Amino acid sequence: MGHSFVSVKRALLLFWVTTCLVGCVGTPVADVDAVREQVDWKTDQALARFIAEMPELQQRLDTAPGYIVGTTDILLLGPLGGGTSVAVLHDQRNRTQTYLDIHSVRMGLGIGARAERFVAVITDPAVINQIRRGKWLLQSNASSNVGGSDEQMRSDSAGIELFVSSETGVSAGASMDISQVRVNHRLTDTGLSQYNFPNRHSSHDTPRDDAPRYWNHPLPLLGKQAVARGYDLPMPFGIGVLRADVRQDMRIENLQVGFNGNGTRPYEFVSFGADSDLITEQIKVDAWVLPFLNLYGTFGQVNGDLDLDIAIDGDTMLNQIGKDCTGAIRPPVCHLFEGKQVRFPIDVDLSPMNYGAGGVVASGWRDWFLLVPFNVTWTDSDKSTLEGRALTISPRLGRGFALKRAGRLTVFAGGNYLDVRTVAAGSLAIPGTDQVLDYKVDQSNSDRWNLVTGANWDVTPRLSVMLEYDGFIGTRDAFISAVTVRF
């Protein structure tokens, strides 16, 4: 009985250790080689024992397109259980190996903990590609194990012939197993970049000459060739949310004025200043179509204020609205406008929709990178309050740093060119009169260039958070934040 309890404790310890191992996407780079060597040792030992017990297995392995060898630690607690596996996929076609994480959920009835070893002989070459893309497996299971009983099971599924041997632990139960098989991108050199840009020869990674390099995604085009030449690429697709808070001074031109809905016409005017304070919230969808070119589209809404302070000639206004100020009884508007320059502070609340398209040209080498994002955004308001377009080009240079278990951090600095050209239109009731001023004005930002700095935290290759500040010179200040999920 004491031996059984020791076995259970050992199995529970192995279960915890294996969970740490299969989560090694955050493993410090210095530990990756040690983890890989440990996985190699465990799976080599498991394969040697299978061949010793089943000599005929060697011939199956030699003639198969590939096979998987692994060890599993299983915990069963009543109706639910789970298992974690570390495994190696051996591709016999090109003599490469791919490290796998396998997570299983077991639903049924059982209790205990045990360790297993397994060999999966792959009879269909298509299964190898399915596994590298990520594969779900469904299998029924009934077994019992006491100590080192070496109970062996064999099962067949589409393209896979599976051999399982229980080793240590105490367990009994019957269940339906749902397993997810995924490539471990840290142990296997799959060409996946730890950054959100293509990078070659990261100084934080330890190269391994015999690790396979392959790219198993539909995009980018020429991705396989880029990976073969030593580049690591981001996951091809991304979806994220972006928020931009922008305040800047504006130039206003080509003022048109009318009254009471009777149309507008050009007016001479004096500008005392204009500025906009806008918040933009957008959804962004992107794809790396080429190894160094990302294209994206955005859709969202603008909320904020547009403040215009203009003055126009009062006599011209009176003439246009047809008011005669020469008589003995003068209309009230004559006292307001005659012989004066009339100042109109216009404050407009904005909430138009906007949409855009753009791209990023990017490349990195030894964690240094150059990015040139560019995009065009169109603003379209149903109320014709504000419509127009904005062109942005933002070259930037940066450096990446490894944060051990916390992913990678990149910091960058550069310039930001922004050219905004919009048309604002609306109406304003003139205080003290029965007149309504209709206006239409072209506006553009006063300063095209400013400086940009920021940081991007790649928590994992699938999740990143970005913060950016545009300012330092000129009259524009902008804070931009984004969260992106890649797949």
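**Why these labels?**

User: Why does aspartate 347 count as exposed?

Analyst: Aspartate 347 has 55% relative accessibility, so it counts as exposed: the label takes over 50% relative accessible area, while buried means under 20% and partly exposed lies in between (1.4 Å probe, protein chains only). By the way, this is a predicted model, where local features need pLDDT of at least 70, side-chain atom pairs count only at pLDDT 80 or more, and totals for chains, interfaces and linings use all residues. Residues are numbered from 1 along each chain as its sequence is written, and side-chain values use heavy atoms, with hydrogens and water left out.

User: Where does aspartate 347 lie, and what makes the negative surface patch?

Analyst: Aspartate 347 sits in strand E12 (residues 341-350); strands (E, at least two residues) and helices (H or I, at least four) are DSSP runs, numbered from the N terminus. The negative patch consists of Asp277, Asp305, Asp347 and Asp349. Patch residues have over 30% relative accessible area and no salt bridge, with like charges joined within 9 Å and nonpolar side chains (Val, Leu, Ile, Met, Phe, Trp, Tyr) within 5 Å. A salt bridge is a side-chain nitrogen of Lys or Arg within 4 Å of a carboxyl oxygen of Asp or Glu.

User: Which residues make the nonpolar surface patch?

Analyst: Ile239, Val241, Ile283, Val285, Leu463, Val483, Val485 and Phe487 make that patch, about 650 Å² of it. Strands E8 (237-259), E10 (269-290) and E21 (477-486) are the elements giving two or more residues to it.

User: Why is phenylalanine 487 called partly exposed?

Analyst: Phenylalanine 487 comes in at 45% relative accessibility, so it counts as partly exposed. Its place is the segment after E21.

User: How do you know that the buried residues of helix H4 are on the same side?

Analyst: The buried residues of H4 (residues 125-133) are Val127, Ile128, Ile131 and Arg132. They cover an arc of only 140° around the axis, so they're on the same side of H4; the arc is that of the directions from the helix axis to the C-beta atoms. An α-helix has 3.6 residues a turn, so residues three or four places apart point the same way.

User: What follows H4?

Analyst: Glycine 134 does, with a positive phi near 105°.

User: Why is asparagine 260 partly exposed?

Analyst: Its relative accessible area is 38%, so asparagine 260 gets that label. Asparagine 260 also has a positive phi of about 60° although it is not a glycine, and it's found in the loop between E8 and strand E9 (265-266).

How values were computed. Areas by Shrake-Rupley, 256 points an atom, 1.4 Å probe, with all protein chains shown as cover. Lys, Arg positive; Asp, Glu negative; His and termini not counted. Charge placed at Lys NZ, Arg CZ, Asp CG, Glu CD.
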